[in-house]
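Colleague: I'd like to learn how to read a model like this one. Can you walk me through it?

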Amino acid sequence: MAKTLFEWDYSSYPGAASYPHLFKPIQIGNLLVPNRIKYAATEDNLNEHTGFITGADVEYMRRRAEGVVGGLCFMQGVYMDPARKGQGYVGQAAAWDDKFIPGLKEIADAIHSERAIAGFQLMDCGRVGAVEVERGHGPSGVPQRLRIFKPMDEMTNAEVKEMVQQHVDAARRGVEAGFDVMEISGIVGYLISNFLSRYTNRRTDEYGGDIRGRCQAMVEIIQGVKDVCGPDIPVGIRLCSEELLDDVRGNPPEDSMMTYQVAEEAGADYISCTLGWQESIYPVISRDIPQGNWLHLAKRAKEHVKIPIQMAYRLFTPDRPNAAIERGELDMWEMCRSMIADPQMPKKVLEGREDEIRHCVACNLCLARLFRDAPMTCYINPTCAHEHDEKFFPKKVADGEEKTVMIVGAGPAGLECAYVAAQRGHEVHVYDKRGEPGGTLLEASKAPYGDEELLTCTAYQKTMCEKYGVNVHLGTEVTPELIEEEFPDTVVLATGPVYEPPAAGGDRENMVNVLDVLRGDIAVGERVVVWGNRKPGIGAALKLAKEGKKVTLVGKERTAGFDVNPSFKWRYMIYLRQNGVKVYNDCDIVEVADGGVVVKTYDGYHIPVACDSVVVSDRKANEDLKQAVQGEGIEMFVIGDALVPRNLSSAVHDGYRIGLRI
Ligand SMILES: Cc1cc2nc3c(=O)[nH]c(=O)nc-3n(C[C@H](O)[C@H](O)[C@H](O)COP(=O)(O)O)c2cc1C
Ligand code: SF4
């Protein structure tokens, strides 16, 4: 009989009725998992640089364990070699010695405290490793093509055998620490995937050659790890189903599917179906990739093996995995970023509180931070990586300390501030002159390549405002008179930015506002100059170019997309090129006429650019109402773009912080 760790009965929950296939048990190896939900392993750079676990990581994991409501909860992949060649992140947990076991046990205990199943992951980062040392290791010394990664040394035959043993020893430590499921990470360019790929494995010994030979290290690891895990601890592996490395002769799909079959033959109890490498030239998980795009790969994997198939990759809502499981095309729904953004995500699904989910917007800031050796943060979840610090969570104000708070602007900054302040016990009123909440996000979401998903942010905030009793006054412009009349204890100015035409431009008819253009309220000519090379300008430029306009983007920043994190910015650079948008960075517009503008480059050249319309997207801080509030002597905060024009993340984080402070 299969082993059960914790009893769960979902029958009385609304989510189990809506998504019956997500909340039914599955047997993995000899373990009965009560549902089909898994928090996938996630590096967070929260641990000591020596590899020891910190309290911050333990609390980060406890929240995710609560979220999986009895399902699988994996800690981040650990590196296993004392030489640290396998270490890919400065704050990555280590398991190369028994001295790490007590810290690892704290994580297993935290996961068990929420009655979830604790997963341990073995992850030598291979080509993506050696973050703290000069050279990395791999099956062959194939040069890196991404500059941020270190040069590679080819492992000797003895070193390969030592590496296999390191996996086995680390697995034993994971078992001793109390973990219930073991997983080997063979994804995105980490060591196991380097052995499997014909791109990076050019060996001639028993660990190279044809696909069987390239699988040999994986086979020995699976078998060795299974031996130390025994019959009751299932062993799974994450494997690439498509490397997306055709341009460097990576594995063809038949080889990838062969790795699945060989892993099954070697004794793997499940496979997590992944795709893409860090080095792939195609995007896989950014917002421009539609949700559910990769599910066909899980289906194909299931046609090649009998063991359960798990998959993540842009499955941000429960409907698609539920339906895929029903069709027999998937066995378990994995989540990584959905639960970085909202640790309680699947719990809210189960409890029928889907409208309270703060959805990931697939911006990849979390990843960008890891690759810059910074602790993980989330674009739209201000408490991410602060789970251990109670200062980051709303506390009720003392009796008699409640304030009346007037928030001017129902954009993402204002709404975030509003519900947090209301949750703490203040009487909160949000005003907006528009008839709809959402602020400039209403327009930003009209930009192409997935930006409609940004609206999930304000959808969540609106729900939370309702939940905590925020009074929303739409269609009401706040004036100095209204402030004087209401005379609140606190005013928060979340009025959004002021749009600033080029100094030479002034008030011309061919000069239009970016919000009107994104909304589609105003017609522009065939040749357009977009002024401002940050995200709003890029969004408008791409929208217009896709509509067939000839677009030139001109801006003061030295690179376009200065306000977009590097893990997403590269996508925009490609789309600007693909759509034929000409870009002038580090430039000014020194003349505007009916038929064109004159662009001045940073080194003083004047370039005439013919155009019929100039779209103004450049922004500055908003000083409106500041004096009126200060004149009344009322406590005042300015947040979001009204303070300094930045991005959605700053709006949310500003709003949250001030919501905690009022
Ligand atoms: C910040 C971050 C850290 C990750 N760390 C790991 C890891 O330690 N081990 C691993 O196998 N995958 C790791 N991944 C990959 C995820 O587990 C997951 O497969 C991927 O993000 C796609 O799923 P998603 O669309 O639900 O985010 C990481 C991903 C992110 C965004
Ligand atoms: S940082 Fe961006 S991609 Fe990462 S979890 Fe948060 S919203 Fe999602």
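This is a predicted model: local features need pLDDT of at least 70, side-chain atom pairs count only at pLDDT 80 or more; totals for chains, interfaces and linings use all residues.

Colleague: Which domains does the assignment give for the protein chain?

Modeller: Domain 1 covers 3-371, and domain 3 covers 499-620. Domain 2 is written in two pieces, 395-497 + 623-661.

Colleague: How many Å separate the centres of domain 2 and domain 3?

Modeller: Going by C-alpha atoms, the centres are 29 Å apart. As for who touches whom, 14 residues of domain 2 meet 16 residues of domain 3.

Colleague: How many salt bridges cross the interface of domain 2 and domain 3?

Modeller: The rule finds three. Look up Glu443 again: this residue forms a salt bridge with Arg519, and their closest N and O atoms are 2.5 Å apart. There are also eight residue pairs in polar contact between domain 2 and domain 3. The side of domain 2 that touches domain 3 has six nonpolar, two polar and six charged residues.

Colleague: Now the ligand. Which residues come nearest to ligand 1?

Modeller: There are 21 residues around ligand 1, and Glu43, Gln121, Arg238, Arg314 and Arg337 come nearest. Then check the polar atoms. Arg337 has a polar side-chain atom 2.7 Å from an oxygen atom of ligand 1, for Arg238 a side-chain N or O atom is 2.8 Å from a ligand oxygen, and for Ser185 the distance is 3.0 Å.

Colleague: How much of ligand 1 does the protein bury?

Modeller: Taken alone, ligand 1 exposes 610 Å², and the protein buries 97% of that.

Note on methods. Residues are numbered from 1 along each chain as its sequence is written. Chains are lettered from A and ligands numbered from 1 in the order in which they are written. Side-chain values use heavy atoms; hydrogens and water are left out. Domain bounds come from an automatic or database domain assignment. Contact means heavy atoms within 4.5 Å. A salt bridge is a side-chain nitrogen of Lys or Arg within 4 Å of a carboxyl oxygen of Asp or Glu. A polar contact is a pair of N or O atoms within 3.5 Å; within protein, one must be able to donate a hydrogen and the other to accept it, and residues adjacent in sequence count only if both atoms are side-chain atoms. Ala, Val, Leu, Ile, Met, Phe, Trp, Tyr, Cys and Pro count as nonpolar, Asp, Glu, Lys and Arg as charged, and the others, Gly among them, as polar. A residue is near a molecule or strand if one of its heavy atoms lies within 4 Å of it. Accessible areas come from the Shrake-Rupley method with a 1.4 Å probe; for residues, only the protein chains shown count as cover.
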